[in-house]
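Please open the model in your viewer and keep the sequence panel beside it.

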Amino acid sequence: MQFKLHHTILLACLVIASITVSAQQSNSRGNNGKSGDTALNRALGIKKDTTMAHRLLLVPFEPKMLMSEIGKDINAKTHQSYNAITDELREELDMAMYSSLRRSCVTVDLLDGRQHSDSMLAYIYGSTSYSYDMVPGTAPDQGSKDKNKTGRYINNGQLEVPVDYSQRFMNINILNPNLLKELGSRYNTDTYVFINELDIKNVDNNATNLSDETYRRQVIVHYSIVDNTGHFVSKGIATTYFPYSENDPKEIGAKYFTVIGRIILKNYVQGLVSDAKVKEQKKK
C-alpha cells in the first residue's frame with residue numbers, strides 16, 4: 001500500500017510538471033475533446049480509456065466579481081459596453097477553464113450548451129457567500145503591526161488599525177447545507193470548481209528580462225475546489241501576465257486564461273495527492 005501511494009505521488013508529480021510545461025508553452029485552448037488515457041489518469045490509478053474518477057461541476061464567477069482596470073482599453077478596441085465586456089471575459093475564462101479541466105476530468109459547465117442554466121447559477125450564488133481569506137501556504141507580512149486578536153493597537157495613546165499585508169483571496173462559503181447534495185444529484189458530480197473572482201490589473205514590470213512594453217497586465221483568478229463533503233481540495237489564486245498591448249478578450253482568453261486553467265488543474269492534482277497522503281497516514 002505504501003509503495004502504491006509513493007508510486008501514485010511520483011506519477012502525479014510528473015503530470016504536474018507536464019501541466020506546468022504545457023501552460024507555459026501553449027498559446028491556444030487546444031481541442032475540447034474529452035481526454036482518455038492521460039498521464040493524470042494513470043497517476044491517479046485510473047484504467048486506460050477512462051477519464052478521472054471525479055466528476056467536476058464548473059461554476060463561473062458572478063458578473064459583479066470582475067475587478068478590471070482595462071475596461072477602457074478593451075472598449076477602445078472592441079467598442080463593447082461595460083456589461084458586454086464583463087460577459088465576454090466571464091465566458092472566455094469559463095471556456096478556458098472547461099477546456100483545461102476536461103482534458104483529464106469529466107466536467108460539467110453551467111455556461112456551456114445544454115447545461116447552461118442562469119436559474120441554477122442564481123440559485124448557487126444565492127446559496128453561497130464570500131470571505132477574504134489568507135492564501136494557503138502564505139503567512140502574514142512581518143511588517144504588519146497586528147499585535148493582538150482584535151487587529152488594533154495603541155500608538156502614542158491613539159487607537160490605530162494596522163494595514164493587513166497578508167496575501168489574501170476571495171473564498172467561497174457554502175450557506176445552504178443542501179447545495180452540494182442537490183448539485184451532485186442533478187449533475188452526477190462530486191467536486192465543485194468555484195471561480196470566485198477575476199482581477200485584471202495594470203502592474204509595474206520589475207523583471208529584468210522583460211521590457212515594459214511586453215508585460216504590464218496581471219491576471220489573478222480566485223478559486224475554490226470543494227468535494228461533496230464540503231472539504232476544500234484546493235483553494236487560492238492562480239496568476240499569469242500578458243502584454244499591455246493586448247486588449248481583445250478573445251485573445252486574452254485563448255492565450256492567457258488557458259494558462260490559468262492549467263495552473264488550477266495542477267493545483268487540484270496536488271490537492272488530491274495531499275489528501276491521499278493524509279488518508280494513508282491515518283491508516284497507520
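Throughout this tour, a residue is called buried when its relative accessible area is under 20%, exposed when it is over 50%, and partly exposed in between, with a 1.4 Å probe and protein chains only. The model is a predicted one, in which local features need pLDDT of at least 70 and side-chain atom pairs count only at pLDDT 80 or more, whereas totals for chains, interfaces and linings use all residues. Residues are numbered from 1 along each chain as its sequence is written, and side-chain values use heavy atoms, with hydrogens and water left out.

**The whole chain**

Begin with a cartoon of the protein chain, which has seven helices and ten strands; helices (H or I, at least four residues) and strands (E, at least two) are DSSP runs, numbered from the N terminus. Of the 284 residues in the chain, 46% are buried. If you switch to a surface, the chain exposes about 15,300 Å², of which carbon and sulfur atoms supply 49%, the areas coming from the Shrake-Rupley method with a 1.4 Å probe and, for residues, with only the protein chains shown counting as cover. Taking contact to mean heavy atoms within 4.5 Å, 73% of the contacts between residues at least 6 apart in sequence join residues at least 24 apart.

**Helix α7**

Next select residues 249-283, which form helix α7. Its 35 residues should span 51 Å at 1.5 Å a residue, and the end C-alpha atoms are 49 Å apart, which agrees; the expected span is 1.5 Å times one less than the number of residues. Follow α7 to Tyr-256, where the helix bends by about 40 degrees, the bend being the angle between axes fitted to the seven residues ending there and the seven starting there. Then return to the start of α7, where a side-chain oxygen of Asp-248 reaches to within 3.0 Å of the backbone nitrogen of Lys-250.

Side chains of opposite charge can pair when their charged atoms come close. A salt bridge is here a side-chain nitrogen of Lys or Arg within 4 Å of a carboxyl oxygen of Asp or Glu, and the whole structure contains five of them.

Show the side chains of Lys-250 and Glu-88, which form a salt bridge with their closest N and O atoms 3.3 Å apart. This pair links distant parts of the chain, since Lys-250 is in α7 and Glu-88 is in helix α4 (residues 82-101), 162 residues apart. Lys-250 counts as partly exposed because its relative accessibility is 49%, whereas Glu-88, at 12%, counts as buried.

Glu-246 is buried at 13% relative accessibility, while Lys-255, at 26%, is partly exposed, as is Glu-251, at 32%.

**Val-219 in strand β9**

Now move to Val-219 in strand β9 (residues 217-227), which counts as buried because its relative accessibility is 0%. Val-219 and Tyr-256 are 37 residues apart in sequence and 8.3 Å apart in space, C-alpha to C-alpha. Not counting residues up to four places away in sequence, Val-219 touches several residues, including Leu-198, Phe-242, Phe-257 and Ile-260.

Most residues other than glycine have a negative phi. His-79, in the loop between α3 (71-78) and α4, has a positive phi of about 65 degrees although it is not a glycine, and His-79 is exposed, with a relative accessible area of 67%. Asn-188, in the loop between α6 (179-187) and β8 (191-202), likewise has a positive phi, near 55 degrees, and is exposed at 53% relative accessibility.

Finish at Pro-136, in the loop between β4 (128-134) and β5 (153-155), which is partly exposed at 42% relative accessibility. Leaving aside neighbours within four places in sequence, Pro-136 is in contact with Phe-169, Lys-235 and Gly-236. The C-alpha atoms of Pro-136 and Gln-167, 31 residues apart along the chain, are separated by 9.1 Å.

How values were computed
Polar contact = N/O pair within 3.5 Å; in protein donor to acceptor, adjacent residues only side chain to side chain.
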